[in-house]
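Colleague: I have a model open and want to learn how to read it. Can you take me through it step by step?

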Amino acid sequence: MAGFIARRIAKGIVVLLAIVVLNFFLIRLAPGDPALVMAGEAGAGDEAFIAQLREKFALDQPLPSQLGAYLRSMAGLDLGYSVRQQMPVATLIGERLPATLLLTGSAFAISLSLGVLLGALAARRSGTLADTAITGVALLFYATPLFWVSLMAILLFSVRLDWLPSFGFETVGAGYTGLSRALDIAHHLVLPAMTLGLFFMAVYVRMTRSSMLEVSRLDFVKTARAKGLTEGVIQRRHILRNALLPVVTLAGLQAGTLVGGAVLTETVFAWPGIGRLMYEALLQRDYNLLLGVFVISSAMVLVFNLVTDVVYRAVDPRIEVA
């Protein structure tokens, strides 16, 4: 297992390097010039000032030279300097990353737990009204745009019912500490986490249902019924456990995409995470900050994929590490 993890980490570093190079050139090919944006905000648009800005932030260098300098700094675990925020990129991401991990982790737990639970219930009640209702609701959440669900949730639970806050990470100026602050953050987390989680839950419902129905037709399930085992034991120990492997595969792939979905959710709910930071960096043409967020997001996806491969072994001991 240790050798397998070491090889996967080595391959992950190569993949991450390729992603960095590709994103570096894609960002530079995008329209817009950071020097022009900064000069416009400063109220000075003369060529001399723009040339001075380009020279100051090495934007006048050839792209291969800029790439080489960035790779050397990244090798020293330095993600560069944000020309707009006037702070190191690593510091900016470090301040925002916990909020994103809290949001995506909560949404992932909600989507996976509800998806498996409802999918198992739909499979056990296959062909009944409960099965139709569960799959219908799941498809509804999956087909509805995420931003529309977010706005409707704000209108219903914040504006109309006044149950939950509509935006922010915590109550500004409240001065909460300890448990009071944790509960306040949890109160603000409910809407964005549920909105993001319900969208991905629909996929797990469909996957769990179809996988359980497929496993239920296999011979070992018929043998378990012939031995006189109760239906609950058969569903939990034999059908569900064997049906979880494709769900784990999908969960590992989608864990990384939650960060992408968080960009929209964090923008709508003003959640101070790296998704919103990436959106702001894109508008400001902050190349180093944008590339730094891409690097961290890509690294998170690679880590999730590695964890998924390790979880395979726990879910199905028949799988060998190779």
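The dialogue below goes from the whole chain to single residues.

Modeller: This is a predicted model: local features need pLDDT of at least 70, side-chain atom pairs count only at pLDDT 80 or more, and totals for chains, interfaces and linings use all residues. Residues are numbered from 1 along each chain as its sequence is written, and side-chain values use heavy atoms, leaving out hydrogens and water.

Colleague: How many helices and strands are in the protein chain?

Modeller: Helices are DSSP runs of H or I with at least four residues; strands are E runs of at least two, and both are numbered from the N terminus. The protein chain has 12 helices and 2 strands. Its order along the sequence is α-α-α-α-β-β-α-α-α-α-α-α-α-α.

Colleague: What share of the residues count as buried?

Modeller: Buried means under 20% relative accessible area, exposed over 50%, and partly exposed in between, with a 1.4 Å probe and protein chains only. Of 322 residues, 39% are buried.

Colleague: Is Asn23 buried or exposed?

Modeller: Asn23 is buried, at 16% relative accessible area. Asn23 sits in helix α1, residues 2-29. A contact means heavy atoms within 4.5 Å. Leaving aside residues up to four places away in sequence, Asn23 touches Leu291 and Phe294.

Colleague: Which residues have a positive phi without being glycine?

Modeller: Asp162 is one, with phi of about 55°. Asp162 lies in the loop between α7 (146-160) and α8 (178-215), and is exposed at 62%. Ala270 is another, with phi near 50°. Ala270 lies in the loop between α10 (231-268) and α11 (274-284), and is partly exposed at 22%.
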